[in-house]
Amino acid sequence: MNNKLIAGSVAGMLLLGTACLMLSFFIVALYSTTTYALSVDVAELYGTATANRYYKDYTAPDFAIDGQRDTGWISGGHASTNNPDWLTIDLGSLYLVNSIDLLWFEPNGRYANYTVNYNLYYGLDNTDWVFVGSGIFVDETPQITDHFDFAPSGQSMRYVKYEVTGGSHWSSIAEINVWADDRSSSSSVPEPASMLLLGFGLLGLGSMKRIKKRGKSSGSLLRPAGSKTKGS
Ligand SMILES: [Ca+2]
């Protein structure tokens, strides 16, 4: 191959490889400082639950945030609008909450069509409450879950209040899941695009080295590893 042509190719690949590699490292460094939070149940992880009353030790408030679907809080009596039962959760600090799920007990048929009427609130403190929504759990379906979404921006809160205002069942709830971006579980993850660019950079340097080697030996790039170029 013409020496000038080889020299030109080497210079071009050197320039291209260096440019790709520098760009790749810049993007990887940029994204390596970006954190991606995981959505977790901060009530189960960090919360403490308190209620105005509970039936037995095995139906205490903390069983509403223990992550188990077959345990829960049971007040031991009926509530009314004028005399509600309540359970509050203190998350320990402010969280930007994405959604809240309420899971009632899986009914076993003993109390078919019994009901629990509830209101859901959140608060920045344990005094002033902001209404989120209300519902009625009816003991007639295999699984009973109500979902409250704060998309797209989330809602900052430290406290959650589940209030029962009536119904034919004793006041109760199996699980209250409070989904938020967990700051402690954030992780640094390079994006696939930056890793792809890094690959291009390395590929460019690899091509440059192969051309430099070909310029010296004029041998085949596909020859088996370890084989010797004629005359070497
Ligand atoms: Ca539970």
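Trainee: Which residue in β8 does I89 stand opposite?

Mentor: I89 stands opposite V160 in β8. Keep in mind that this is a predicted model.

Trainee: How many bridges join β4 and strand β8, and in which sense do they pair?

Mentor: To read a strand pairing, look at the direction and then at the bridges. Here β4 and β8, the latter spanning residues 155–166, pair in the antiparallel sense over 9 bridges.

Trainee: Which residue of β8 stands opposite N117?

Mentor: That takes us to another pairing of β8. Strand β5, residues 115–123, pairs with β8 in the antiparallel sense over 7 bridges, and N117 stands opposite G166 in β8.

Trainee: Let's turn to one residue. Is L91 buried or exposed?

Mentor: Count its neighbours and compare with the cut-off: a residue is buried if 20 or more other C-beta atoms lie within 10 Å of its own. L91 has 21 C-beta neighbours inside 10 Å, so L91 counts as buried. You will find L91 in strand β4, which covers residues 85–103.

Trainee: Which residues is L91 in contact with, leaving aside its neighbours within four places in sequence?

Mentor: Its contacts are V42, A43, Y46, G47, R158 and V178. Take Y46: L91 and Y46 are 45 residues apart in sequence, while their C-alpha atoms are 5.7 Å apart in space.

Trainee: What share of the contacts with a separation of 6 or more comes from residues 24 or more positions apart?

Mentor: For the protein, that share is 77%.

Trainee: Now the core. Which residues touch the most other members of the largest nonpolar core?

Mentor: The general idea is that nonpolar side chains tend to be buried together in soluble globular proteins. The largest nonpolar core here has 37 residues, and I89, V160, I173, I176 and V178 touch the most other members. Elements giving two or more residues to this core include α2 (42–46), β4, β5, β8 and β10 (175–188). β4 gives the most, with 8 residues.

Trainee: What does V160 touch, not counting residues up to four places away in sequence?

Mentor: V160 touches A43, T88, I89, I100, Y122, I176 and V178. I89 is also the residue that stands opposite V160.

Trainee: How many helices and strands are there in the protein?

Mentor: Step back and list the elements: there are 3 helices and 10 strands. Along the sequence they follow the pattern α-β-α-β-β-β-β-β-β-β-β-β-α. As for burial, 24% of the 232 residues count as buried.

Methods. Residues are numbered from 1 along each chain as its sequence is written. This is a predicted model: local features need pLDDT of at least 70, side-chain atom pairs count only at pLDDT 80 or more; totals for chains, interfaces and linings use all residues. Helices (H or I, at least four residues) and strands (E, at least two) are DSSP runs, numbered from the N terminus. A residue is buried if 20 or more other C-beta atoms lie within 10 Å of its own, exposed if 12 or fewer, and partly exposed in between; C-beta atoms are placed from the backbone. Two residues are in contact if their C-beta atoms, placed from the backbone, lie within 7 Å. Two strands pair if DSSP finds at least two bridges between them. A nonpolar core is a set of buried Ala, Val, Leu, Ile, Met, Phe, Trp, Tyr and Cys residues joined through C-beta atoms within 7 Å.
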